[in-house]
Amino acid sequence: MSSTGVGPTGAPGTPTPVGGTTALDTVVVALDGPSGSGKSSTARGVARALGLRYLDTGAQFRAVTQWMLDHDVAVEDPDAVAARAGEPLVESGEDPEDPTITVDGVDVSQAIRGADVTGAVSAVSAVGAVREQLLELQRRIIGRGGIVVEGRDIGSVVAPGAAVKVYLTADTAARAERRAAENGGGSIDDTAAGLLRRDSVDSGRESAPLVAAEGAVHIDTTSFTLDEVVAQVVDLVRAAVD
Ligand SMILES: Nc1ncnc2c1ncn2[C@@H]1O[C@H](COP(=O)(O)OP(=O)(O)O)[C@@H](O)[C@H]1O
Ligand SMILES: Nc1ccn([C@H]2C[C@H](O)[C@@H](COP(=O)(O)OP(=O)(O)O)O2)c(=O)n1
């Protein structure tokens, strides 16, 4: 796998602090949390407001999952997934106005939001070999910073030195309502069950489970509007930079 990003291969998010702080063009903002907590929309809003790049790591795991399904890999079999983990070429655009994602040069931005990928992505992303491939790619894209990165393990594994770490949550009911609305309706109960199933696999896996990273600021978004959450994170970033 590769991408257009270049940069150091060590854990990023540790730009040279000047006077104990960091600059906006090298800052790394790590946003983690469960599905429907508001990561993607908050991350894009913060990146837009501050002129930063944006990386959706969930889209990368979804793109690998799409590739596995397209190549008839048995996605519930970790060995089968691991055996092909080095093959898909994932490329992520970093513009928050127009985040793109391709695998082997094919635009999968719509396909990866479908039910097949959503149902299989937690199993695929629990495979260590998949995580290793994407970890290297993610660190290359982050490079020297100036980016908002969202996922499940950004503050804990991908960029543990990030100057700003945020852990977003929301009540299950709110998450299910948001997700069902986004998908054009459907049963809230079924959506909630799907979210909880994915939470359980994402939090219970051995490799880089979903956790609130050490030092992360917890924001429960249930009772805030998206604009309010974006403003809170923008304030955290402004407080952390020169
Ligand atoms: N604070 C919020 N209040 C209401 N709706 C929100 C809020 N944050 C996000 N949303 C909406 O919830 C849905 C899921 O948000 P998203 O950012 O995709 O979450 P995640 O990336 O954590 O899965 C989207 O339709 C988004 O517009
Ligand atoms: N850093 C990440 C990001 C996502 N994943 C996995 C676990 C998630 O269930 C899937 C899909 O992530 P995505 O952020 O697209 O999921 P939602 O938009 O929140 O529903 O990928 C991961 O294991 N590590």
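Helices here are DSSP runs of H or I with at least four residues, and strands are runs of E with at least two. Keep in mind that this is a predicted model.

**Exercise 1. Describe the overall make-up of the chain and decide how compact it is.**

Solution. Start with the secondary structure: the chain has nine helices and eight strands. Next, take the radius of gyration, which is 17 Å. The globule rule gives 18 Å for 242 residues, and the value for the chain is close to that, so the chain is as compact as a globular protein of that length. Along the principal axes, the C-alpha atoms fill a box of roughly 50 × 40 × 30 Å. Finally, look at the contacts between residues at least 6 apart in sequence: 78% of them join residues at least 24 apart.

**Exercise 2. Find the largest nonpolar core and the residues with the most contacts inside it.**

Solution. First, the background: buried residues make up 45% of the 242 residues. In soluble globular proteins, nonpolar side chains tend to be buried together. The largest nonpolar core of this chain has 57 residues, and those with the most contacts inside it are Val 28, Val 29, Val 124, Val 148 and Val 149. Helix H2 (residues 57-70) gives this core its largest share, six residues. Now zoom in on Val 148: leaving out residues up to four places away in sequence, Val 148 touches Val 29, Leu 31, Ala 43, Val 46, Ala 47, Leu 52 and Tyr 54.

**Exercise 3. Work out on which side of helix H5 its buried residues lie.**

Solution. Begin with the helix itself: H5 covers residues 128-142, 15 residues in total. From first C-alpha to last, H5 reaches 21 Å, close to the 21 Å expected at 1.5 Å a residue. Then list its buried residues: Val 130, Arg 131, Gln 133, Leu 134, Leu 137, Gln 138, Ile 141 and Ile 142. They cover an arc of only 160° around the axis, which puts them on the same side of H5. To finish, step past the end of the helix, where H5 is followed by Gly 143 with a positive phi, near 50°.

Definitions and conventions:
Residues numbered from 1 in each chain as written. Chains lettered and ligands numbered in written order. Predicted model: local features only at pLDDT ≥ 70, side-chain atom pairs only at ≥ 80, totals over all residues. Expected span 1.5 Å × (residues − 1). Buried ≥ 20, exposed ≤ 12 C-beta atoms within 10 Å, placed from the backbone. Arc of directions from axis to C-beta. Rg over C-alpha atoms; globule rule 2.2 N^0.38 Å. Contact = placed C-beta atoms within 7 Å. Core = buried A, V, L, I, M, F, W, Y, C linked by C-beta atoms within 7 Å.
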